[in-house]
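The sequence and the structure are shown first, and a description follows.

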Amino acid sequence: MKNLQLVSNDFENEGMQTSPATNPIADEQLLDAYSQAVISVVEKVSPAVVNIDVHRQVQSRRRNNQTFMQEVRGNGSGFVFTQDGYILTNSHVVHDATKIEVTLADGRNFTAELIGDDPDTDLAVIRIDAPNLVAAKLGDSQSLRAGQLAIAIGNPYGFQTTVTTGVISALGRSFRSRSGRLIDNIIQTDAALNPGNSGGPLVTSHGEVIGVNTAVIMSAQGICFAVPINTAKMIIGSLIRDGKVRRGYIGIGGQNVPLPRRVVLFHELSRFSGVLVISTEENSPAQKAGLQEGDVIVGINQQPIANIDDLHKLLTHDQVGVRSQLIILRHSQKLLVDIVPEESPTK
């Protein structure tokens, strides 16, 4: 008991000493260092962040069922990534715009041209003709780690730059775009995405852009998502060159279906699901190849297909015009069907 009391007293004595963990001065210095890091990033990146004001013509209907065109306005953010005026933003911010106006952080206002738009990744490139632009530095989203500092910057509604901070909550998430395709490797962060901040940059403590803020799930405690900048780097070239991203298309309506275990074992398949063909479009590659309603696609070019997202991932621009081989189940048979994917129709 004496030994126990001795240890207890020693602990109490040690606890009365001021430690760095409970030192108010140390805590204040830590908070000050955090604030200075955020301030430094904002000062570095915010001159490249822009406000985007969009005009659209939409069809509306009166009570007597007569239709008329009505102009509506939208707003979002973006950021300059080249000094000659190219700006990256979300597709949903500028899609179908009849007029795009950009306001820089210094208050200058310019009319922008839509260069390219890709709803499948929710990315778009616009351009302004303006001198003395500050371009944000693009980082490497592949090097991110969960838990590191993330700073979301926007320029909503023409107000002063808004800033929120948080951490990278998770990596490798998937998020379905408005076009229906799945966007892979999405960055999840708890840095709040304020209204009008869509299209703005998500940056590191070094001031490098690692993502493009794209969406928030309000019902899930404000979880936010950003398209990784490495994905954007791949998309930017196609948007500037072609105004769109070329993808393969075979022209089917499909749905995911489970496969009976005995069918999987009999045909030596590696997946327990596939894509059921419920329709084929007129004069599409699928119709030309002889695909029928009721066929189940389980592979393409020896790569297994378990669902529609797998099919989308493998129908890249490299497959356009190239003869491919579908593996399908038709009734009790496993068949190989030659098909030549075409370029996906413009949305």
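## Aromatic pair

The count of aromatic pairs comes to one, where rings of Phe, Tyr and Trp (its six-membered ring) pair if their centres lie within 6.5 Å. The ring centres of F81 and Y86 are 6.3 Å apart and the planes stand at 35 degrees, so the pair is tilted; planes under 30 degrees apart would count as stacked and those over 60 as edge-to-face. Both F81 and Y86 are buried (under 20% relative accessible area, with a 1.4 Å probe and protein chains only).

## Basis of the model

The model is predicted: local features need pLDDT of at least 70 and side-chain atom pairs pLDDT 80 or more, while totals for chains, interfaces and linings use all residues. Residues are numbered from 1 along each chain as its sequence is written, and side-chain values use heavy atoms, leaving out hydrogens and water.

## Barrel and helix

The protein chain holds seven helices and 21 strands, taken as DSSP runs (helices H or I, at least four residues; strands E, at least two) numbered from the N terminus. Six strands form a closed barrel in the order β1-β2-β3-β6-β5-β4, with antiparallel pairing; strands pair if DSSP finds at least two bridges between them. Strand β1 (residues 49-61) and strand β4 (residues 99-103) run antiparallel and are joined by five bridges. I52 has V102 in β4 as its bridge partner.

## Whole chain

Of the 347 residues in the protein chain, 45% are buried.

Key: Buried < 20%, exposed > 50% of the residue type's maximum accessible area, 1.4 Å probe, protein only.
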